[in-house]
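Please keep the sequence and the model at hand while reading.

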Amino acid sequence: MARQVYFANHFYAFDNFSIRQRGRKATVLINRTSDGKISRTALERHLNNRYPADSPIKSRDLAIFRSGKLNGTGILVTEYRDPAKRQSYMVWLPALRKIRRFAQPDHEESWGGSVFTFGDVTLRKPEDETHELLGKKRMRTCLGVIAELEDKPYRYVDRLPKRACRHVGKWVYGLKSTPKRENWWYDFRVSYVDTENFADYRTLYFKDGKLIKVIDRDWGLVADSQLGDPRALFWKSWYGADLRTGQESWAVIPQSVVQYNSKRPDKFWSERTLRRIKR
């Protein structure tokens with residue numbers, strides 16, 4: 001079950017998958033602090049899984065920030081087929097006009113200043129935790145949003161969506177995942193996973209018996225019969241709330257910026273692309 005969820009979240013049903021910038025539209029990551037201050041960052045993300053079986057590379061993930069404090073920054077992540085080999089990170093720093101290579105970040109480190117961590121977005125693998133299937137239940141509540149921005153006009157997306165409720169009533173598995181590391185920032189998490197396509201709609205994080213963080217994901221199904229895989233899904237939004245700090249994050253992905261199985265060459269996922277990022 002955990003491997004199926006990982007498969008869907010890393011878009012392995014596709015040769016490549018992008019959330020790009022298209023005209024004035026782009027994915028926007030909104031962060032709201034506990035005192036109500038709001039910041040936003042437009043970004044792109046491009047994942048490539050099209051590497052030969054004999055290649056040491058399994059996939060590459062390119063993120064480009066298009067506004068805000070991180071404007072012009074690019075991150076290229078390489079995942080290797082050897083499970084014992086750590087991911088490699090190259091970061092384009094626009095102020096220096098240089099690439100820096102970094103060790104794999106800590107799982108708990110914030111991704112883009114958001115509630116979401118590198119573990120949530122890229123690093124956590126099924127073998128990093130032990131898993132227990134808790135049975136089936138129906139989704140009973142709508143997915144979360146930043147309430148004061150719901151259904152409001154907004155830059156990059158024209159209008160932010162209403163909270164998604166179409167999943168209410170769907171059957172989901174409960175999957176309890178416990179980290180193998182001792183004294184980790186959470187004791188366990190429980191994910192609610194669609195019984196048909198393995199979309200993880202909600203994940204609840206617990207520490208010392210208390211709920212400390214929530215991540216909700218709104219998923220869409222790619223309408224392409226040629227793919228023939230129910231896990232061929234795309235993100236419509238991510239919402240996260242850290243109940244310890246009061247911070248909220250909301251990533252909204254307009255469907256018009258989603259692209260998959262493009263003819264973009266593999267060399268796009270390279271240092272050359274990082275160096276050509278415009279600020």
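## Contacts and overall form

In the protein, 57% of the contacts with a separation of 6 or more are made by residues 24 or more positions apart. The model is a predicted one, and its secondary structure consists of 3 helices and 17 strands. The radius of gyration of the protein is 18 Å, which agrees with the value near 19 Å that a compact globule of 279 residues would have. The C-alpha trace extends over about 50 × 45 × 45 Å along its principal axes.

The whole-protein values are collected here.

| Property of the protein | Value |
|---|---|
| Radius of gyration | 18 Å |
| Span of the C-alpha trace | about 50 × 45 × 45 Å |

## Helix α1

Helix α1, which covers residues 2–9, is mostly covered, with 6 of its 8 residues buried. The buried positions in α1 are Ala-2, Val-5, Tyr-6, Phe-7, Ala-8 and Asn-9. After α1 comes Phe-11, which has a positive phi near 60°.

## Trp-184

Is Trp-184, with its relative accessibility of 14%, buried or exposed? Trp-184 counts as buried because its 14% relative accessibility falls under the 20% limit for that class. Trp-184 sits in the loop that lies between β11 (171–179) and β12 (188–194). Leaving aside residues up to four places away in sequence, Trp-184 touches His-107, Glu-108, Pro-179 and Lys-207. Between the C-alpha atoms of Trp-184 and Phe-234, which are 50 residues apart along the chain, the separation is 30 Å.

## The largest pocket

The largest pocket holds about 240 Å³ of space. Which residues line the largest pocket? Its lining includes Ile-64 and Arg-66, together with Arg-264, Pro-265, Lys-267, Phe-268, Ser-270, Arg-272, Thr-273, Arg-276 and Ile-277. Sorted by class, the lining of this pocket has 5 charged, 4 nonpolar and 2 polar residues.

Conventions:
Residues are numbered from 1 along each chain as its sequence is written. This is a predicted model: local features need pLDDT of at least 70, side-chain atom pairs count only at pLDDT 80 or more; totals for chains, interfaces and linings use all residues. Side-chain values use heavy atoms; hydrogens and water are left out. On a 1 Å grid over the protein atoms alone, a cavity is a set of points where a 1.4 Å probe fits but cannot get out, and a pocket is an open set with protein on both sides within 12 Å along at least five of seven lines; lining residues have an atom within 4 Å of a point. Grid points are joined across faces, edges and corners, and a volume is the space filled by probe spheres set on the points. Ala, Val, Leu, Ile, Met, Phe, Trp, Tyr, Cys and Pro count as nonpolar, Asp, Glu, Lys and Arg as charged, and the others, Gly among them, as polar. Helices (H or I, at least four residues) and strands (E, at least two) are DSSP runs, numbered from the N terminus. The radius of gyration is taken over C-alpha atoms; the globule rule is 2.2 Å times the number of residues to the power 0.38. Contact means heavy atoms within 4.5 Å. Buried means under 20% relative accessible area, exposed over 50%, partly exposed in between (1.4 Å probe, protein chains only).
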